[in-house]
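Good morning, colleagues. I would ask you to look at the model on the screen while I take you through some of its features.

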Amino acid sequence: MNKLDSALVTAALKGGGFEIINLEKDADVVLINTCSVREHAEQRVLSHLGFLKHIKESKPNMVVGVIGCMAQRLGAELLKNKTVDIVCGPAQIPQITELVTKALQEKKRTISVTEKIRQLSPEDETLEEFEMVSDGDDSQLPAQAYVRAMRGCNNFCSYCIVPYVRGPEVSRPPAAIIEQVKRLAGNGVKLVTLLGQMVNAYKYDTYCLADLLRMVSEIDGIEWIRFVTSYPTEEYYEQILKAMADLPKVCHYLHMPAQSGSDKILKAMNRNYTAGKYLELIEKAREIVPGLAISGDFMVGFSGETEEDFEKTVSLVEKMRYKNCFVFKYSPRPGTAAEKRLQDTVPEEVKRERNIKLLAVQEKISDELAKEILETEVKVLVEGLSKKAGVNPCGEKGYPQLVGRTAEDWIVVFDGPINLAGEFAKVKITKTSPLTLFGEIQG
Ligand code: SF4
């Protein structure tokens with residue numbers, strides 16, 4: 001969601017006559033798009049502001065803006081930091097060009113956030129218009145783009161800040177989404193990822209996510225469709241999975257966080273399912289879409305999590321055989337139900353140990369699943385140069401190292417011509433690791 005917001009802000013600024021550059025020290029304006037989901041993310045923003053403070057000492061006219069969820073959460077408090085000139089919440093991002101221009105011209109520090117975020121109007125047209133700002137130039141990677149299907153969240157998981165910074169859940173009109181995807185396809189986008197905090201709850205009039213997937217599938221030029229993130233619930237579940245099974249363009253990939261394998265912890269998290277129900281949903285998904293790649297999210301060290309609760313999480317991960325898992329250590333977020341009502345009982349050291357242990361369990365599974373792909377040929381959408389390409393610019397055959405992903409979201413690294421970025425390639429997998437497949441380009 002933040003990557004999409006950054007892309008839209010970039011497009012809006014470019015449209016307003018600004019030029020995007022890489023080095024902060026050369027910039028007139030630096031914007032930090034922020035996340036409030038974890039304390040660590042916010043700490044990194046604060047330390048980056050410290051770094052910008054030094055640059056500002058020799059460039060006092062430089063404008064620094066903090067935008068996104070942290071701006072909404074902290075509001076005026078952020079302006080106490082003298083380095084910050086603009087504080088702009090997620091719902092005010094459409095005003096960003098105006099705010100930046102004003103700050104540059106008038107040298108005034110400004111704040112623009114939503115006062116009562118839960119009362120944010122679902123009919124807010126500026127937000128809807130802003131989705132279209134980019135003129136199709138909002139792909140973060142060649143030929144790939146995120147498209148927002150929904151904004152906000154009404155779920156109120158007890159640990160989560162999102163409902164308080166992104167506001168109420170709103171599904172965008174399907175006609176607007178389709179128009180946007182057509183425009184992106186016209187600009188060469190081949191993969192769209194539909195976004196929502198709980199994207200499987202998409203509902204607009206009589207349309208659900210399965211309908212949206214069908215409509216997007218009919219757009220010429222779009223070859224792959226993904227959607228994230230799914231919440232474990234029966235509602236629309238079969239319809240969505242059947243659409244995935246029926247529609248060749250919909251990637252066989254499901255990201256469905258479980259968060260914990262302990263029913264006691266799930267209840268305290270206000271997640272409305274049990275570990276047994278989650279297991280049942282995953283089994284159903286694999287029945288409807290054989291070979292489905294599933295990824296999960298887990299939080300370790302939540303309030304009251306005992307060793308026994310944690311072992312239940314380990315056991316769930318072992319049963320699920322995820323392609324990969326994102327594991328986070330719990331940190332109480334100010335203003336959430338968990339922060340107000342529950343004690344942060346698990347010591348940091350124990351959270352760290354559990355994090356490491358769970359990742360190790362998953363790594364073994366990912367390694368086994370990756371080995372099953374060895375010696376097969378996979379279709380990859382090429383993203384561009386791999387990280388290693390900068391260190392070792394040309395591989396054995398004089399090609400640089402490229403990176404791409406399969407429809408199931410496996411990362412694939414191989415040597416190939418750079419003009420393949422944004423194109424599909426066939427790659428034979430010759431070596432695997434838990435997170436990355438290595439291969440040779442075919443014909
Ligand atoms: S579903 Fe829960 S975890 Fe996800 S954004 Fe909504 S409140 Fe947060």
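I begin with the ligand. Around it lie C153, N155, F156, C157, C160, V162, P163, Q197, M198 and Y231. Please bear in mind that this is a predicted model. How is this shell made up by class? Eight residues of the shell around the ligand are nonpolar and two are polar, while none is charged.

I turn next to a pair of helices. Helix 10 spans residues 237-246 and helix 12 spans residues 275-288; their axes come within 9 Å and cross at roughly 30°. An angle under 35 degrees counts as roughly parallel, and helix 10 is therefore roughly parallel to helix 12. The crossing of helix 10 past helix 12 is right-handed. Which residues meet there? Helix 10 contributes Y237, E238, L241, K242 and A245, and these meet L281, A285 and I288 of helix 12. Sorted by class, this contact comprises six nonpolar and two charged residues, with no polar ones.

Finally, I come to the strands. Strand 19, residues 436-441, is paired with strand 17, residues 411-415; the two run parallel and are joined by five bridges. Within that pairing, L437 in strand 19 has V412 opposite. Strand 19 also pairs with strand 18, residues 424-432, here in the antiparallel sense and again over five bridges. In this case K428 stands opposite E440 of strand 19. What connects strand 18 to strand 19? A hairpin does so, through three residues.

Thank you for your attention.

Key: Residues numbered from 1 in each chain as written. Predicted model: local features only at pLDDT ≥ 70, side-chain atom pairs only at ≥ 80, totals over all residues. Near = placed C-beta within 6 Å. Nonpolar A, V, L, I, M, F, W, Y, C, P; charged D, E, K, R; others polar. Pairing = 2+ DSSP bridges. Helix = DSSP H or I, 4+ residues; strand = E, 2+ residues; numbered from the N terminus. Axes fitted to C-alpha atoms, helices over the stretch in contact; angles between N-to-C directions. Parallel < 35°, antiparallel > 145°, perpendicular 65-115°, else oblique. Left-handed = near helix turned anticlockwise from the far one by under 90°. Contact = placed C-beta atoms within 7 Å.
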